[in-house]
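Thanks for making the time this morning; I would like to walk you through a few side-chain details, and I will take them one topic after another.

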Amino acid sequence: QGVEFLGNADYRLAMKSLEKAKQMNDKEPLVLSNLGYACMEAGKLDEAEKNLNECLALDPKHPDAWLNLGVTSMRRKKWEEAIQIFDKLAKMHAGSFMAFRNAGNCYARLEKYKEAAICFEHALKIFPDFNDAKIDLGIVCFAARQIDVAEKILKEALQKDPHSLRAQAVLDDIRKLRAALAAKKG
């Protein structure tokens, strides 16, 4: 039932159901991982971290627990800590495109745009149709003042998802920047 509530994004009810499941069997990694995720989404980061660490004590290579532990660190704005967690996950599960995408977002928050771009590119190598990573790549290219590269990447992303507000917003910023530069020259 807890997983059903998770699927409906009802994290409070998921937490209640998964707490009951944990009381019945506190040695089940899947229950602990899902409970950690529900707590994280409900904003109960200490509880999330506790359950995710309990899961990892039972199953040290549990990919979802590592991923959610990293996201918990991101929500605490502990960017370096989150990067270390995502690095660990990527070493255990080389196909974890989300580990690379999330690490890229942490690097972007630290304004380490080159490292962020490398992470997003790696996520795209693993999962070429991952449009969110493509948009993230375009955004860090824009932040690094690689305007032409950013525009090309974001236009490609917008072709895949014409309703992407993030891609459209940055493309609008690029147009405004170009207009301002043209006005200065003229």
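**Aromatic rings and cysteines**

What we have on the screen is a predicted model, and I will begin with the aromatic side chains, for which a search of the whole structure finds 4 aromatic pairs. One of them joins Phe127 and Phe130, whose ring centres are 5.6 Å apart and whose planes meet at 10°, so this pair is classed as stacked.

Let me now turn to the cysteines. How many disulfides does the count come to? The count comes to 0 disulfides. Cys55 takes part in none, and the nearest cysteine sulfur, which belongs to Cys39, is 13 Å away, whereas a disulfide would need the two sulfur atoms within 2.5 Å. Is Cys55 buried or exposed? Cys55 counts as buried, since its relative accessibility is 0%.

Cys119 is likewise in no disulfide, and for this residue the nearest cysteine sulfur is that of Cys106, 8.9 Å away. Cys119 is buried as well, with a relative accessible area of 10%.

Key: Residues numbered from 1 in each chain as written. Predicted model: local features only at pLDDT ≥ 70, side-chain atom pairs only at ≥ 80, totals over all residues. Heavy atoms only, no water. Buried < 20%, exposed > 50% of the residue type's maximum accessible area, 1.4 Å probe, protein only. Phe/Tyr/Trp six-rings, centres within 6.5 Å; stacked < 30°, edge-to-face > 60°.
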